[in-house]
Amino acid sequence: MADGITISFGPVGPAGPGDLVVFVGDDLSLSGAARDVLGSAGADLVARATASERFKGRSLTALTLPAPAGIEADRLVVVGLGTEKDRAKLDWPVLGGFTAGKVSGRTARVLLDWPGAQVSGENAGEFALGARLRSYSFDRYKTKKKPDADENGGTSLTLMLAEPAGAEAAAKAGEAVAEGVVLARDLINEPPNVLFPEEFARRAAELSKLGVEVEIIDPARMRELEMGAILAVAQGSAREPRIVVMRWNGAADRSDPPVALIGKGVVFDSGGVSIKSAGGMEDMKGDMGGAAAVVGTLHALASRKAKVNVVGAIGIVENMPDGAAYRPSDIVTSMSGQTIEVINTDAEGRLVLADVIWHVQGTYKPKFMIDLATLTGAIIVALGQDIAGLFSNDDDLAARITAAGEATGEKVWRMPLIPAYDKAIDSKFADMKNTGGRHGGAATAATFIKRFVNDVPWAHLDIAGVGMSSSANEINRSWGAGWGVRLLDRLVREHYEAR
């Protein structure tokens, strides 16, 4: 794990060297187990300290007591869980992330117990997942360590609870998901001179070590398949494009139609001839967040041996403005045979997805398709940077994605698809144009993609707001959050994986 943390599970036991973490609600009462661990002197210390510091035990607050008298621990950390209502809807990964942040770089024993608590193995596993994700950092290109960097190599947590064996089993699946998120974050955070299309494809191909079948489609094969849309986007770059198709066959019946996940992988987007403004262009290294999420999800599913068939496909290109670049007014022919008038070369992601989606739906006959793409600035205007836009031609699929988003905190909001958006992308000179103008930009982009799905149940997640330059929260301190891996894993696990 590239997250700088080790986590183990054990029975409730005495405090020892390092930190000790206990939990309280807004009434500040300690559980019987906490009183046993702290002893009468420790319990009295907590009562006096909370009163002195006016600590109210509100949700996700903490009181830290260094060198606590009468307790062997180096520090005592009291974490607040809030009201009974707060505790009833506890977000376990968020609690794990918050707690890990309070003991970052240290060794700590965490007592997962409080009055009225019923901590299951699954709860403890989700707590551990959140702690792992909070501890992630991307500093591989820093040649100098910070003066206060931990000399012992990171955070070490021992989670104490009544039934540690059940927690270990649940945490193993959670660790697979965490690894997938970390992989996606690493990919998003890499600079574009390192993660060019061929290198991205090479890293995706490493999934073969987990039993994933990987096919890499190079430009020669793209030309044979008549993938004119993705080839047009790539033609201005010195770096050749790649499409990577990853297949995990975990179902008992390998012929069972797969779940299909498709990602936009523009490793750097200058805008092409319709060049972007200089301000913020450095963020366009993250325009492959959808592809990163697909690779991370395949890693998670394969690592935990998910009982489902999945095909993941990513289109990887650079969008650059040289003398060979495609231009506004060019007309390109997609793999589907449909022609596309280019209005704006910065509307390139939908061209990439058009050919990849057509290839997937025709070749693999999936149950459904979900594409993820950092596609439009318009979705950021509409929804901000904490929620993704969902467009779908299937109500059941949309409802399941929404529920998975609520369960994981990777939330989505369903947006409309109406005939007027189709009209907006009709072209005078071709079958369609690649942008419908400023108004309803996210919706017309989704409508463009919809023209390549045929009758397959499909959902499009516009993750421009959440996929890069991510909002900091209790489980993410990274520029790239690896958004989508947890949502997709949850969706597959709850609805499409054999029990």
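Because the model is predicted, local features are reported only at pLDDT of at least 70 and side-chain atom pairs only at pLDDT 80 or more, whereas totals for chains, interfaces and linings use all residues. Residues are numbered from 1 along each chain as its sequence is written, and side-chain values use heavy atoms, with hydrogens and water left out.

According to the unreviewed UniProt entry, the feature "active site" is placed at Lys276 and Arg350; UniProt positions follow the numbering used here, feature names are shortened, and annotations may be inferred rather than shown by experiment. Lys276 belongs to the loop that lies between strand S9 (259-269) and helix H9 (289-303), where helices (H or I, at least four residues) and strands (E, at least two) are DSSP runs numbered from the N terminus. With a relative accessible area of 23%, Lys276 is partly exposed, in a scheme where buried means under 20% relative accessible area, exposed means over 50% and partly exposed lies in between (1.4 Å probe, protein chains only). When neighbours within four places in sequence are left aside, the contacts of Lys276 (heavy atoms within 4.5 Å) are with Asp269, Ser270, Gly271, Met281, Met284 and Asp346.

The other annotated position, Arg350, is part of helix H10 (residues 349-364) and is buried, with a relative accessible area of 7%. Not counting residues up to four places away in sequence, Arg350 touches Leu375, Thr376, Asn434, Thr435, Ala445, Phe448 and Ile449. The unreviewed UniProt entry also carries the annotation "domain: Cytosol aminopeptidase" over residues 344-351, a stretch that is 38% helix and 0% strand and whose end C-alpha atoms are 11 Å apart.

Strand S13 (residues 368-373) is largely enclosed by the rest of the structure, because six of its six residues are buried. Both of its faces are covered, with Phe368, Ile370 and Leu372 buried on one side and Met369, Asp371 and Ala373 buried on the other. S9 and S13 run parallel and are joined by five bridges, pairing being assigned if DSSP finds at least two bridges between two strands; in this pair, Val259 stands opposite Phe368. S13 is also joined by five bridges to strand S17 (residues 458-462), again in a parallel arrangement, and there the bridge partner of Asp371 is His460 in S17.

Strand S8 (residues 242-249) is mostly covered as well, with seven of its eight residues buried. Five bridges link S8 to strand S7 (residues 213-217) in an antiparallel arrangement, in which Ile217 stands opposite Ile243. Eight bridges, also antiparallel, join S8 to strand S10 (residues 309-319), and Val245 has Ala313 in S10 as its bridge partner.

In soluble globular proteins, nonpolar side chains tend to be buried together. A nonpolar core is taken here as a set of buried Ala, Val, Leu, Ile, Met, Phe, Trp, Tyr and Cys residues joined through side-chain atoms within 4.5 Å. The largest such core has 57 residues, and those with the most contacts inside it are Phe200, Met246, Ile314, Ile370 and Ile401. Helix H9 provides the largest share of this core, with nine residues. Apart from it lies another core, of 43 residues, which includes Met227, Ala232, Val317 and Ile340. Ile314 touches, among others, Phe200, Ile243, Met246 and Val295, not counting residues up to four places away in sequence.

One cavity of 30 Å³ or more was found, a cavity being a set of points on a 1 Å grid over the protein atoms alone where a 1.4 Å probe fits but cannot get out, with lining residues having an atom within 4 Å of a point. The lining consists of Gly125, Ala128, Leu129, Arg132, Ala171, Gly174 and Glu175. Helix H4 (121-134) and helix H5 (164-189) are the elements that give two or more residues to this lining, and H4 gives the most, with four residues.

Notes:
1 Å grid on protein atoms, 1.4 Å probe; cavity = no way out; pocket = protein on both sides within 12 Å on 5 of 7 lines; lining within 4 Å. Points joined across faces, edges and corners; volume = space filled by probe spheres on them.
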